[in-house]
Amino acid sequence: MKKYIYGLFFALISVAMFTACSADEGTDEGNDGSARVTLYQYVASAPNDPDVDTQLRISTNSATQEVYLLAEKTENYNAHIKEMGEDGYKNYVVEKGQKVEGATGAANTDYTVKNLIGDNTITVVAKGNGSLSLVSTDFTGYTWTTVSAGTYYFSKGAAESFGESKATTLQYKDDDPTTYRFKDFWGIGKHVTFSVTDDTTSKYGDGGKVIIVPAQTTPFTLGSNGALFMADAITNKLANMPSAILPNGKVYIAMVYYVKAGTFAAGIEKFVPSTK
């Protein structure tokens with residue numbers, strides 16, 4: 001019985017030591033036989049433009065001697081992978097890519113990739129001890145045209161939580177002019193979007209085009225009720241009340257703020273441009 005207990009004890013010690021070694025692999029200086037890289041991606045912060053820029057954190061292990069980065073259109077990336085295979089593409093990135101300065105050994109290196117329009121794939125290759133390690137991530141960049149800066153006025157119920165009004169900028173998407181947004185409405189990179197339909201309404205004035213505010217999250221939660229969402233009244237099915245954009249740039253929205261349990265606030269909200 002004692003032999004069995006001792007044997008079990010040493011077996012458990014061996015498993016624990018093996019697990020610890022596995023967990024440390026890739027982090028302890030001198031412990032790594034081949035280069036390894038891990039990629040983390042974040043929304044670009046000011047002064048960068050999150051519409052077309054993306055921020056990366058490149059984590060390398062102790063065997064890494066050099067790191068290379070290449071950003072290209074996703075269709076080109078797919079064609080290269082098909083033609084070269086992953087191993088061939090690793091060498092292609094080393095040859096054609098940008099060397100990331102300071103990314104050597106066990107380190108975290110922050111890097112911003114800028115001015116990416118359309119669908120792009122970013123590939124990072126770590127090189128060291130005769131080995132190459134590859135990791136990729138995708139980013140889609142869009143450009144927007146400003147219609148007008150202005151002031152957005154909340155409905156009475158919403159104003160109790162968000163304030164009476166806030167400054168914002170109305171823009172439309174260059175590759176889809178029916179898609180609009182209030183830029184950075186809830187903070188950097190946190191926009192409110194809506195789409196313009198072919199339907200018309202004169203409820204708020206002549207020439208109004210009906211708009212749809214799809215269900216989208218706000219940055220807020222209401223305790224145990226969870227996340228606070230927003231959508232126009234028709235999308236939310238609260239009321240058959242249209243929302244519209246007018247030729248003068250004013251926007252009227254029958255807005256509903258809600259949680260899964262029900263409505264938090266609802267009413268007519270409007271955007272008034274400062275240049276029209």
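Two residues are said to be in contact when heavy atoms of theirs lie within 4.5 Å. When neighbours within four places in sequence are left aside, Phe 194 is in contact with Leu 170, Thr 178, Thr 179, Tyr 180, Phe 182, Ile 211, Ile 212, Val 213, Pro 214 and Val 251.

Phe 194 also belongs to the largest nonpolar core, which has 24 residues. Tyr 152, Phe 182, Phe 194, Val 251 and Tyr 257 are the residues with the most contacts inside this core. At least two residues of the core come from each of helix 3 (156-162), strand 10 (176-183), strand 11 (192-201), strand 14 (227-232), strand 16 (251-259) and strand 17 (262-273). Strand 16 gives the most, with five residues.

Strand 13 and strand 14 form a hairpin with five residues between them. In the turn of this hairpin, Gly 223 has a positive phi of about 55°.

Four strands form an open sheet in the order 4-3-6-7, with antiparallel pairing. Its edge strands, strand 4 (98-99) and strand 7 (131-141), each pair on one side only. Strand 3 (residues 66-73) and strand 4 run antiparallel and are joined by two bridges, and Tyr 68 stands opposite Lys 99 in strand 4. Helix 2 (residues 74-96) lies across strand 3, strand 4, strand 6 (118-128) and strand 7. The direction of helix 2 is at about 160° to that of strand 3.

Finally, how confident is the prediction along the chain? The protein chain averages a pLDDT of 90, and 88% of the residues score at least 70. Over residues 1-30, however, pLDDT stays under 50. For this stretch the model has 13 contacts beyond four places in sequence. Where pLDDT is low, the predicted coordinates should not be read in detail.

Methods
Residues are numbered from 1 along each chain as its sequence is written. This is a predicted model: local features need pLDDT of at least 70, side-chain atom pairs count only at pLDDT 80 or more; totals for chains, interfaces and linings use all residues. Side-chain values use heavy atoms; hydrogens and water are left out. A nonpolar core is a set of buried Ala, Val, Leu, Ile, Met, Phe, Trp, Tyr and Cys residues joined through side-chain atoms within 4.5 Å. Buried means under 20% relative accessible area, exposed over 50%, partly exposed in between (1.4 Å probe, protein chains only). Two strands pair if DSSP finds at least two bridges between them. Axes are lines fitted to C-alpha atoms, for helices over the stretch in contact, and angles run from 0 to 180 degrees between N-to-C directions. pLDDT is the predictor's confidence in each residue, from 0 to 100.
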